[in-house]
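Colleague: Could you take me through this model? I would like to begin with the overall layout and then turn to the charged pairs.

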Amino acid sequence: MKSAMKLTKITYRLLLILVVAVVPAGIDRITTQAISASCANPIPEVSSTSSGHVSVSPKATGTQTGERFEVELVTLLPTGFEPAEITRPAGPFLLGVNNRTGLQELSLQVVDETGITVVARRMIKVKTWRKVINLLPGHYVLRETGHPEWLCRITIIP
């Protein structure tokens, strides 16, 4: 019993080290797997598309559907969002935002063309946010409410 608990603590520590060491470096095959694992999906299959998107697909087991999600990674810098614009097809995707501003508190919103907030997240002492979203075709803006000049335009095409 003690050895199983010790193994769990070691596994947790190794995962924490992996997240702290690899996630700030940007998204790649390892961090994409870590993102999916944090969403309770077992070992995902990862592939890139010709448009430069990363596709994450959990292996279908038990009750899982094997649904595929593309990842849109955005980094928030002191100068604003990078990239400043995303165009993608309709359908669910994993939106990832990395806070590299040095600020301890951010308030992020995805707003539609009419000004209605579709998704919102307050980040306090957190450097990353991951959320699977499914936007209808149209134009959206990812923004930080305290900095109106920081915008990432999101276009969803049918």
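Modeller: The answers below concern a predicted model.

Colleague: How many helices and strands does the chain have?

Modeller: There are 2 helices and 11 strands. Along the sequence, the order is α-α-β-β-β-β-β-β-β-β-β-β-β.

Colleague: Which residues touch the most other members of the largest nonpolar core?

Modeller: They are Phe-81, Leu-95, Leu-108, Leu-135 and Leu-142, in a core of 21 residues. Strand β11 gives the largest share of this core, 4 residues.

Colleague: What is Phe-81 in contact with, leaving aside neighbours within four places in sequence?

Modeller: Its contacts include Val-97, Leu-108, Leu-142 and Trp-150.

Colleague: Changing topic, how many salt bridges does a search of the whole structure find?

Modeller: The search finds 3. Glu-70, Glu-72 and Arg-88 are linked in a network. The closest N and O atoms are 3.2 Å apart for Glu-70 and Arg-88, and the N to O distance is 3.0 Å for Glu-72 and Arg-88.

Colleague: Is Arg-88 buried or exposed?

Modeller: Arg-88 is buried, at 3% relative accessible area. Glu-70 also counts as buried because its relative accessibility, 18%, falls under the 20% cut-off. Glu-72 is buried as well.

Colleague: Which side chain meets Arg-122 in a salt bridge?

Modeller: That is Glu-105, at 2.3 Å, N to O. Arg-122 lies in strand β8 and Glu-105 in strand β7, so the pair ties together parts 17 residues apart in sequence. Arg-122 counts as exposed at 52% relative accessibility, and Glu-105 is partly exposed at 42%.

Technical notes: Residues are numbered from 1 along each chain as its sequence is written. This is a predicted model: local features need pLDDT of at least 70, side-chain atom pairs count only at pLDDT 80 or more; totals for chains, interfaces and linings use all residues. Side-chain values use heavy atoms; hydrogens and water are left out. A nonpolar core is a set of buried Ala, Val, Leu, Ile, Met, Phe, Trp, Tyr and Cys residues joined through side-chain atoms within 4.5 Å. Buried means under 20% relative accessible area, exposed over 50%, partly exposed in between (1.4 Å probe, protein chains only). Contact means heavy atoms within 4.5 Å. A salt bridge is a side-chain nitrogen of Lys or Arg within 4 Å of a carboxyl oxygen of Asp or Glu.
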